[in-house]
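These notebook entries record what I looked up in the structure shown below. I kept each entry to one topic.

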There are 2 protein chains.
Amino acid sequence: MTIARDEIGQRSETVRRANLSAIVRELHGQGPLTRSELVARTGLTRSAIRGLIGELAVGGLVTESPAASLGMPGRPSPLVCPDPEGAVVLALDIEVDSLAAAVVGLGGEVLDHIRVDRPRGHSSVEQIADDLGQLVGVLRARRSGWSEIAIGVAVVGVVRRADGLVSMAPNLGWTDVPLGARLERVLGSEAPIHVANEADLGALAEVRRGAARGAEHVLFVSGEVGVGGGLIVEGQPFTGVAGYGGEIGHMPINPAGLSCRCGSVGCWETEVGAVSLLRRAGRPPHSGRAEIDGFLRDAEAGSPTALRALAETGRWLGIGLAGLVNVLDPRLVVFGGLFGRIHPFVAETVDAELDRRALAAPRRLVRVVAGSLGAEAPLRGAAELAFEPLLADPAMWMRRRDVESSRDAVLPLRRVVA
Amino acid sequence: MTIARDEIGQRSETVRRANLSAIVRELHGQGPLTRSELVARTGLTRSAIRGLIGELAVGGLVTESPAASLGMPGRPSPLVCPDPEGAVVLALDIEVDSLAAAVVGLGGEVLDHIRVDRPRGHSSVEQIADDLGQLVGVLRARRSGWSEIAIGVAVVGVVRRADGLVSMAPNLGWTDVPLGARLERVLGSEAPIHVANEADLGALAEVRRGAARGAEHVLFVSGEVGVGGGLIVEGQPFTGVAGYGGEIGHMPINPAGLSCRCGSVGCWETEVGAVSLLRRAGRPPHSGRAEIDGFLRDAEAGSPTALRALAETGRWLGIGLAGLVNVLDPRLVVFGGLFGRIHPFVAETVDAELDRRALAAPRRLVRVVAGSLGAEAPLRGAAELAFEPLLADPAMWMRRRDVESSRDAVLPLRRVVA
């Protein structure tokens, strides 16, 4: 939120910090912008922008390049760039089939990235934290001189955001697992760790950097073995009070249906998840990513069995989505993960079910699209989550870093932040 | 939101208005409070409170009674009361079986109220607006000297809040009906008209004045013939971008089920609405309120048929509610309308289905209770909706009224506002 100076009538520290935040948020989200574009986007005066950019440059968060001439009349406006090395975060992702780690710079650039397969099935939190620790070790070895300001973690489970407790992750076999605390110990980092559900983070990433960029009211529907949902309302994640919301895979949709891993019967996930899709196609339902790849190759080759399976899954996708459209009234539905990959095959069926089952008013306003970040959406969202405190108050963060740097000068054994 | 003076560092017009708003909101919501209680609730200083109360008293919104001694040591603190006659709103309610109108004063007191039966079935918007106009005429005749500052309207339909267009109300036979515009013409009032869905407003009323008072994250589930939902997130109504959200009655819950009035099949409403309850009890399903009353008397007398019907409806209530708990993660579910009346009979079944079908984490945190405002919840919520602009900026409203009063002094034919 930009607070214009004259709205308060007096310049104040609160206003200065809000304005720094508005500028850093724009640069992080949009990439390089001219000073003139920043004036237009923030509503601040040209002289205010100049002063604030100066502070951010001294603070190491932005750089300015010489005035770019855009073929427009008038004085060319200097180009302001977020400095990717000025502040980096560590992003981690725990999926059913894989683990990933990345170093992401201010502005969203992925500076380094590793993803490794993990065997399906249950793993202890100790095992997974150790595996992630090894990935982080590789990243540190490959590229020296960086230190994360925060760590964001995406996980296929229901998460209590306050402390990163995973209250339930059936695909990992976890109940009330203190993932945040465990990672804190294993990674040995002083940076704060933020853990959230992978679909919530996928939604955030698609809104900030993907197919839903700039959209205000988005439902992200992500399917693999499990089905997760992330809701963005007025540009901000909506997760319920404690972060347990969005478990759309566990809407009862077919009370005469199959048992679900969650203990209920006929959840949406039992009709639209990867297991039911493979079963409908006559393939081993509990196999991994390779089986899905083979199935999709069959579908592309026009296999009638594969296409029939997709049609049936598409029908159930549309049925459940109609309910979500009626309840949540989103403008844009983004299919992520497996659903993003099958979108071309199911789009028509899904639209037809929406026409038939959703109420006319919200139906008219909603579009269903495939995500553009693919399997990396949750990891990118984890980075966005980790950047959030910096974006909300860059002044506080620059001051804290100055304090830590001066302490580091006295105690050279401490790792230098940034 | 209270903005403390020292947070900004400087007194300013924005701060003064926000502080006036905080005080009026407290008094409207809580009723009479001592100055000391206002200090505690708003975080403002005693001298700031004194000055602001003075302004509000001159503006006619509050009165002060002599210092009340509360048996506490120290100087007794004057009691500040919202003046119900200082600002009144007109609240209207369009239900399937009835129409209602009320005059509600600041602080939420219902100063006058009429509810009349309406025959079930389709009616033109002209007919309903005329009927409401007659009710308002009766209210005006019964009590002179008042004029509403705003009009709030609850309607059993999907509403575009910006202009009060009812995009769909199957029980009235309406599609894209300009209710707001029609009421403006019929009521001949200069006060702004705010139209919203009746379940959204029922939720607002239960949070402000009913069973969910003070709760932050509430799902209101209201059943009669149709089933509506209202969601409160962090104390504020959540309705989707254009106000179409919350149509929980039209979640597909039983794809092998009955056709729904909305054109879909197996919506939640077809399993839990009044029609299916009466049908299960062997009574004429499309009859009115008297039939429901008879059915509930049977249930209270222990009729096995009635209790069996309630058990089956309770089971479907629990199934759908489990999905909503998983998706929305509310702390409190409030049953309104018919669901509030049957709550004592279905509470156990609903809880058992939630235990069985909702995910453990959100399940642990949620309670299901009956609303305390009964059938009047939507009407009370319509009043709250109409008060909102005054609560948000009492200073603006007092100034506008002063301007209009001085104009009225010159043009005595205009109705004096307040």
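I call a residue buried if 20 or more other C-beta atoms lie within 10 Å of its own, exposed if 12 or fewer, and partly exposed in between, with C-beta atoms placed from the backbone. The model is predicted; local features need pLDDT of at least 70 and side-chain atom pairs count only at pLDDT 80 or more, while totals for chains, interfaces and linings use all residues. Residues are numbered from 1 along each chain as its sequence is written, and chains are lettered from A and ligands numbered from 1 in the order in which they are written.

**Entry 1**

A:Asp176 sits in strand S10 (residues 174-178) of chain A; helices (H or I, at least four residues) and strands (E, at least two) are DSSP runs, numbered from the N terminus. A:Asp176 is exposed, because 11 other C-beta atoms lie within 10 Å. B:Asp176 lies in strand S10 of chain B and is exposed, with 11 other C-beta atoms within 10 Å.

**Entry 2: a sheet in chain A**

I traced an open sheet of five strands in chain A, ordered S14-S13-S12-S15-S16, with mixed pairing; two strands pair if DSSP finds at least two bridges between them. Strands S14 (236-238) and S16 (367-370) of chain A are at the edges with a single partner strand each, so one side of each has no neighbour in the sheet. Neighbouring strands are turned by 25° against each other on average, direction ignored. Axes here are lines fitted to C-alpha atoms, for helices over the stretch in contact, and angles run from 0 to 180 degrees between N-to-C directions.

Strand S12 (residues 217-223) and strand S15 (residues 332-336) of chain A run parallel and are joined by five bridges. A:Phe220 is opposite A:Val334 in S15(A). Helix H7 (residues 198-209) of chain A lies across S12, S13 (227-233), S14 and S15 of chain A, at about 45° to S13(A); residues are in contact if their C-beta atoms, placed from the backbone, lie within 7 Å.

**Entry 3: helix H5 of chain B**

Which residues of H5(B) are buried? I found B:Val125, B:Ile128, B:Ala129, B:Leu132 and B:Val136. Seen down the axis of H5(B), the buried residues fall within an arc of 95° and therefore line one face of the helix; the arc is that of the directions from the helix axis to the C-beta atoms. On the other side of H5(B), the exposed residues are B:Glu126, B:Gln127, B:Gly137, B:Ala141 and B:Arg142. The cover over the buried residues of H5(B) includes strands S4 (88-94), S5 (98-105) and S10 (174-178) and helix H6 (179-187) of chain B.

**Entry 4: a sheet in chain B**

I read the strand order of an open five-stranded sheet in chain B as S6-S5-S4-S7-S11, with mixed pairing. Its twist averages 15° from one strand to the next. S4(B) and S5(B) run antiparallel and are joined by seven bridges, and B:Val89 is opposite B:Val104 in S5(B).

**Entry 5: the contact between the chains**

I found that chain B and chain A contribute 44 residues each to the contact. H11(B) gives the most to the side of chain B that touches chain A, with six residues.

Key: Two residues are in contact if their C-beta atoms, placed from the backbone, lie within 7 Å.
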